Amino acid sequence: MVEIKTDAALDAMREAGRVVARALAAVREAADVGVSLQTLDEAARSVLDEAGAGSPFLGYRPSFAPVAFPAVICTSVNDAVSHGIPTGYRLRDGDLVSIDCGAELDGWTGDAAITFTVGTPRPGDLDLIDATQQALDAGIAAAQVGSRIGDISHAIGTVAGKARCGMPADFGGHGIGRRMHEDPHVPNRGRPGRGFPLKHGLVLALEPMLMAGGQNTYFTDTDGWTLRTTDGSRAAHIEHTVAITDQGPRILTLP
């Protein structure tokens, strides 16, 4: 069931989104060569705690997962596409890092992700990040009242295709509100003019995940969570929570 939010609910979700933005900024500031992924998780936890916010990630266990997720952020490094578990791994010069974070505040949820390089970027990494950001920007621009989910999907997929990047076929964006994952699903590829109609008050988490090797295949690591590219190529993941409004798309997870 798709829930259309009131304007008051959008404002409340904006506050949850601000917490997410602050947590991601704290993680980005803490990330450096030699810093562990667990330390990044602690940085995000501190922001959530200070805001009085909960984590929709911590303890989350969908049907595919053998264990509940043990952290408040996903830390996906290099060939990891998404869902990486923060471990004692220490960041190295040239690592490509994607961080996904959510926050629950006053009954409403925000969800966003960033990708950045640590130290000296490897060839192609900045182009991959740029293509992923462009795909997200295109999806947001297509999130207009009167359009459909397929218009967003087509916009994202077109940018990824031009960049010759792959995307994991089974994963995409989603509705968000009282819970982190709500209807409708938002594929990262699709046909324009198809799918659920976009209305004022619909809120979506849009999240292109681009894989530099151009393949769409992936596998799940032995931890039961981390998705990795099958060809070992590097991946980027960028996400915002976006409200469809009569005034145009409203990004709820900006600082």
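Asp111 is buried, with a relative accessibility of 2% (buried means under 20% relative accessible area, exposed over 50% and partly exposed in between, with a 1.4 Å probe and protein chains only). This is a predicted model, in which local features need pLDDT of at least 70 and side-chain atom pairs count only at pLDDT 80 or more, while totals for chains, interfaces and linings use all residues. Residues are numbered from 1 along each chain as its sequence is written, and side-chain values use heavy atoms, with hydrogens and water left out.

**Annotated binding sites**

- An unreviewed UniProt entry places the feature "binding site" at Asp100, Asp111 and Glu239; UniProt positions are given in the numbering used here, feature names are shortened, and annotations may be inferred rather than shown by experiment.
- These residues are spread over 140 residues of sequence but cluster in space, with a largest C-alpha distance of 7.9 Å.
- From this set, Asp100 and Asp111 belong to the lining of the largest pocket.
- The "binding site" annotation in the unreviewed UniProt entry also covers Asp111, His174, Glu207 and Glu239.
- No two C-alpha atoms of this set are more than 10.8 Å apart although the set spans 129 residues in sequence, so the residues gather at one spot.
- Asp111, His174 and Glu207 from this set are part of the lining of the largest pocket.

**Residues of these sites**

- Asp111 is in strand β4 (residues 108-117); helices (H or I, at least four residues) and strands (E, at least two) are DSSP runs, numbered from the N terminus.
- The side chains of Asp111 and His174 are joined by a polar contact of 3.4 Å (a pair of N or O atoms within 3.5 Å; within protein, one must be able to donate a hydrogen and the other to accept it, and residues adjacent in sequence count only if both atoms are side-chain atoms).
- Asp100 lies in strand β3 (residues 96-105) and is buried, with a relative accessible area of 9%.
- Beyond its neighbours within four places in sequence, Asp100 has contacts that include Phe57, Asp111, Glu207, His237 and Glu239 (contact means heavy atoms within 4.5 Å).
- Glu207 is in the loop between β7 and β8 (209-211) and counts as buried at 6% relative accessibility.
- Leaving aside neighbours within four places in sequence, Glu207 is in contact with residues including Asp100, His174, Asn188 and Glu239.
- Glu239 lies in the loop between β11 (235-237) and β12 (240-243) and is buried, with a relative accessible area of 1%.
- Not counting residues up to four places away in sequence, Glu239 touches residues including Asp100, Asp111, His174 and Glu207.

**Largest pocket**

- The largest pocket has a volume of about 400 Å³; grid points are joined across faces, edges and corners, and a volume is the space filled by probe spheres set on the points.
- Of the 22 residues that line the largest pocket, Tyr60, His83, Phe171, His181 and Glu207 are the closest to its centre.
- On a 1 Å grid over the protein atoms alone, a cavity is a set of points where a 1.4 Å probe fits but cannot get out, and a pocket is an open set with protein on both sides within 12 Å along at least five of seven lines; lining residues have an atom within 4 Å of a point.
- Strand β5 (residues 172-175) gives the most to this lining, with three residues.

**Nonpolar cores**

- The largest nonpolar core has 27 residues, of which Ile152, Leu198, Leu204, Leu206 and Leu210 touch the most other members (a nonpolar core is a set of buried Ala, Val, Leu, Ile, Met, Phe, Trp, Tyr and Cys residues joined through side-chain atoms within 4.5 Å).
- Two or more residues of this core come from each of α3 (125-141), α4 (149-162) and β7 (203-206).
- Another core, of 26 residues, lies apart from it and has Val47, Leu91, Leu105 and Val118 among its members.

**Other details**

- Ser98 is in strand β3, is buried at 2% relative accessibility, and its side chain makes a polar contact of 2.7 Å with the side chain of Thr115.
- The peptide bond from Asp183 to Pro184 is cis, with omega near 5°, and Pro184 is in strand β6 (residues 182-187).
- Asn78 is not a glycine but has a positive phi of about 60°; Asn78 lies in the loop between β1 (73-77) and β2 (80-82).
- His83, also not a glycine, has a positive phi of about 65° and is found in the loop between β2 and β3.
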